[in-house]
Amino acid sequence: MIPPGATAIVGAAESTEIGTVPDVSSAGLAIDAAANAMRDAGITAADIDGFTCGYFPVADMSRQLGIFPSWADNTVVGGCSWMFQLRNAIAAIHAGYCSTVLIVYGESGKSTRRLGQSGDAGQRGGIGQQFDMLHGGGQAAATFTLPVLRYQHEYGLSDEDLAAGAVSQRAWAVDVPRATLREPTSVDEVLDSPMVAWPIRRAMCCLVSDAGGALIVTSADRAADYPKPPVYVLGTGGALEGGPMSPAGVREPLRPEFIRTSGEAAFASSGITHSDVDHLMIYDAFIHTPIFGLEGLGFVDYGEGGHFIAEGHTAPGGKLPMNTSGGGLSYAHTGAYGMLCMLESIRQVRGEAANQVPDVDVALCHGWGGYWSACATLVFGANAP
Amino acid sequence: MTSRQAKTLDMAHPLIPVPTPETQPYWDGCNQGILRINRCNACNDAYFPPAPICPHCSSTDVKFFDASGEATLYSYTIQQKPPDLWGTQGPRSVALVKLLEGPMLTSSIINCEQTPETLRLDMPLQATFTSFGETTVLCFEPTEEQQ
Ligand SMILES: [Zn+2]
């Protein structure tokens, strides 16, 4: 096992602009974010010997950045790919394959200048394309959300209580200058928003944005050489279960094993308990995913996640601040939000967040990918044990 | 590659399923109006989607068999703007359907009103098929007693 705090994030940045960035391609957003992260860490490409980027051919992107790595990864599991890549990078650093890894992401999700971008879960002849995609038409809002109605039925979660999650996340976004949606909202307004895929309404769906992000990770013993205070990686988890175009492959959709597997690994490897978590990010592709995350990670019992959010415990002033940037629903969501999700956790540990939670020592970040086929859990800390 | 496969790969709408040699018996079944899925000869597990290996015990001693077509409605959404391919202006269901034999799959409930009042969770369903050009796709409908 890799000891908690053996590696640290020493550079972290988003693209200069996020939201609507019509004149930059996916590759351009990634390069911009990479430049910002190297500046943040006070290093150049010559200092980087490990590289991963996910949605681009890895050699294509490393060449443009002038990085000639001795270790590369390009794991693609959808939106949490960069979380998996961070986990892999930590292992590679620990194994001695490289010392300093740059993880790069960019996606022109709104302006659709997806130039240079690769990766397609719906490729012809794939299992998702053959057996899932036609029914949902590739529309995530109609397919990713399939477990919601069953959840509401089994656990008695009303539409009003489901909608409350969008209200609390907007309440966070109000104070975030880079967030796309900053007007306060209400349960009534969420339930009055246009129906997309009953019972899912537009205000229950993530945004579609342009953004990039990048991280630099190195071993903890080198972290003091960098200008910013290190954000230690205390523990990690990850797991796969379903399929990339539908949750049909998740064996127990209301008690998904892959979430438990990922969460338990993150808690075990970090040595923390739930009460140690000062700040929480759970990737909100749609309104229900924080509910399933809270339950699968063990913050609440099965069936309680929706009510927990509706009672305001994750909202401003609540006991478990969650998705403090406004999340995918209100901050930004490009198509793959895992990098942006991690960057808010990192800002919180650094003390740099727009909605800074006081004294964040431990921040837990959980993300999804490929609809509901993958998830990853990361524990970040201001201090190494 | 046969000329038919080449044509499919080159010209089909991206939503039209493209069979592989490993899944072809399933698609042949659809063309005949039969739901044909896999069963493992080693552990007797019935599974879906089709694959030449049992996901339960890793045996490659597997076969296709004709499933009952009986299922229940596990969960669903009602998509407000379906893809043009479905040829409907109105909302339509996207469903998680649990087969009597065990596997869960993604499908559509057709031949009934696409409303929450008609689409009741756990309602019994039966397999039915709908065609898109040369491709026949598995859907489900309420059982005859309910129609
Ligand atoms: Zn078997």
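Predicted model: local features only at pLDDT ≥ 70, side-chain atom pairs only at ≥ 80, totals over all residues.
A residue counts as buried under 20% relative accessible area, as exposed over 50%, and as partly exposed in between.

The zinc ion is held by four cysteines of chain B, with the SG atoms of B:Cys40, B:Cys43, B:Cys54 and B:Cys57 as donors at 2.3 to 2.4 Å. Around the metal, the 4 donor atoms subtend angles of 103 to 116 degrees, and the arrangement is therefore tetrahedral. For orientation, the ideal angle for four tetrahedral donors is 109.5 degrees. Along the chain, the donors are spaced as C-x2-C-x10-C-x2-C. Distant parts of the chain are linked here by B:Cys43, in the loop between β1 (36-40) and β2 (46-47) of chain B, and B:Cys54, in the loop between β2 and β3 (62-66), the two being 11 residues apart. The accessibility of this pair is worth a look. B:Cys43 has a relative accessible area of 28% and is therefore partly exposed, whereas B:Cys54, at 2%, is buried.

The loop between β2 and β3 of chain B also holds B:Pro49. A cis peptide bond joins B:Phe48 to B:Pro49, with omega at about 0 degrees. This pair of residues turns up again in the description of the open spaces. Two or more lining residues each are given by α4 of chain A and by β2 and β6 of chain B. By class, the lining of this pocket has 20 nonpolar, 8 polar and 7 charged residues.

Rolling a probe the size of a water molecule over the atoms shows where empty space is left. In this structure, 2 cavities of 30 Å³ or more are found. The largest cavity contains about 100 Å³ of space and has a lining of 16 residues. Nearest its centre lie A:Gln130, A:Phe131 and A:His135 of chain A, along with B:Tyr26 and B:Val137 of chain B. At least two lining residues are supplied by each of α4 (127-131) and α5 (133-136) of chain A, and likewise by each of α2 (24-31), β6 (104-107) and β8 (135-142) of chain B. The lining of the largest cavity divides into 10 nonpolar, 5 polar and 1 charged residue.

The second largest cavity has a volume of about 40 Å³. Its lining is made up of A:Gly165, A:Ala166, A:Ser168, A:Gln169, A:Ile287, A:Pro290, A:Ile309, A:Met322 and A:Leu329. Helix α8 (residues 159-173) of chain A gives the largest share of this lining, with 4 residues. The lining of the second largest cavity has 6 nonpolar and 3 polar residues, and no charged ones.

In chain A, strand β8 (residues 231-240) is mostly covered, with 9 of its 10 residues buried. This strand has pairing partners in β1 (residues 7-14) and β11 (residues 374-381). The pairing of β1 with β8 is antiparallel over 3 bridges, and A:Ile9 stands opposite A:Val231 of β8. Between β8 and β11, the pairing is also antiparallel and runs over 8 bridges; there, A:Ala376 in β11 is the bridge partner of A:Gly238.

Some backbone details complete the picture. In chain A, the peptide bond from A:Trp198 to A:Pro199 is cis, with omega near 10 degrees, and A:Pro199 lies in the loop between β5 (195-198) and β6 (200-201). A:Tyr371, a residue other than glycine, has a positive phi, near 55 degrees. The loop between β10 (362-369) and β11 of chain A holds A:Tyr371, and this tyrosine is buried because its relative accessible area is 14%. In chain B, a positive phi is likewise found at B:Asp122, near 75 degrees. B:Asp122 belongs to the loop between β6 and β7 (124-132) of chain B, and its relative accessible area of 41% makes this aspartate partly exposed.

Note on methods. Residues numbered from 1 in each chain as written. Chains lettered and ligands numbered in written order. Heavy atoms only, no water. Buried < 20%, exposed > 50% of the residue type's maximum accessible area, 1.4 Å probe, protein only. Pairing = 2+ DSSP bridges. 1 Å grid on protein atoms, 1.4 Å probe; cavity = no way out; pocket = protein on both sides within 12 Å on 5 of 7 lines; lining within 4 Å. Points joined across faces, edges and corners; volume = space filled by probe spheres on them. Nonpolar A, V, L, I, M, F, W, Y, C, P; charged D, E, K, R; others polar. Donors = N, O, S within 2.8 Å, 3.2 Å for Na, K, Ca; no water. Tetrahedral: all angles 85-135°; square planar, octahedral: opposite > 155°, others 65-115°.
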